[in-house]
Amino acid sequence: MTALSSNSKHKIGIFGGTFNPIHNEHLFIADQVCEYLGLEKVYLMPDYIPPHIDEKHAIDADLRVDMIKLAIQGNNNLDIELSEINRKGKSYTYETMLELCRKYPNNEYYFIIGGDMVDYLPKWHRIDDLLNLVNFVGVRRANYVPKTDYPVTWVDVPEIDISSTMIRNKLSRNQSVRYLVPENVNVYIKEHSIYR
Ligand SMILES: Nc1ncnc2c1ncn2[C@@H]1O[C@H](COP(=O)(O)OP(=O)(O)OP(=O)(O)O)[C@@H](O)[C@H]1O
Ligand SMILES: O=C(O)c1ccc[n+]([C@@H]2O[C@H](COP(=O)([O-])O)[C@@H](O)[C@H]2O)c1
């Protein structure tokens, strides 16, 4: 990201997750929200350790980062933000966004989350302070009725019902994940024998 000196704010999306691994619905969401809200870019931001789940074991950050870089190749709407990987430890969103807001005061941030995650916002670390730093964008899921009092901008993105869990499970059973992840990510997973 580049620091800018003008007074006008730059609308920047941040899509946080573990991305273990990144899949096509992550990419579809990031790209669609970017276009729908007229954002300059959406940064995919891998966490180092997810803040809310103690037992979730992700593969090495380097491998997750490599796969994100491969996945966004050729799409100018998308980029990667490495603050949480570089900071290490538990990746509390409030701490990350405070750091980014201080570093890039001319950016206005839109933090994108899956619609079902919105219900858990009250449990997020320093959520009231975080609400002063970012606009939350909820990706509405089919058959899901949002019931939150928080200010969330809702975006409808056609849902493909895939998850990283599904991809890890398929790979552990030696099943194909072609068309669920970009082909260069599929090749990378095979070459590095990940999730076997
Ligand atoms: N199919 C999907 N539809 C809508 N949102 C999704 C979908 N898959 C992931 N997300 C959202 O993407 C963000 C990052 O998710 P994450 O990296 O945990 O992927 P995941 O597929 O949910 O992983 P896992 O299955 O390991 O929990 C979260 O906000 C999550 O709600
Ligand atoms: O900061 C928090 O308390 C917090 C609690 C839950 C989730 N988050 C962030 O929300 C994003 C999506 O989380 P997840 O676990 O669904 O991948 C990711 O960037 C997490 O760091 C952040």
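User: Which elements each supply at least two residues of the shell around ligand 2?
Analyst: Strand E1 (10-17) and helix H4 (93-103) do. Helices (H or I, at least four residues) and strands (E, at least two) are DSSP runs, numbered from the N terminus. This is a predicted model, in which local features need pLDDT of at least 70, side-chain atom pairs count only at pLDDT 80 or more, and totals for chains, interfaces and linings use all residues. Residues are numbered from 1 along each chain as its sequence is written, and chains are lettered from A and ligands numbered from 1 in the order in which they are written.

User: How many residues surround ligand 2, and which are closest?
Analyst: The ligand is surrounded by 15 residues, the closest being Gly16, Gly17, Thr93, Trp124 and His125. A residue is near a molecule if its C-beta atom, placed from the backbone, lies within 6 Å of it.

User: Turning to the sheet, what is the strand order?
Analyst: The open sheet of 6 strands runs E3-E2-E1-E4-E5-E6, with parallel pairing. Two strands pair if DSSP finds at least two bridges between them.

User: Why is one side of E3 and of E6 left without a neighbour?
Analyst: Strand E3 (78-80) and strand E6 (152-156) stand at the edges and each has a single partner strand, so one side of each lacks a neighbour in the sheet.

User: How many bridges join E1 to E2?
Analyst: E1 and strand E2 (residues 41-46) run parallel and are joined by 6 bridges. Ile14 stands opposite Tyr43 in E2.
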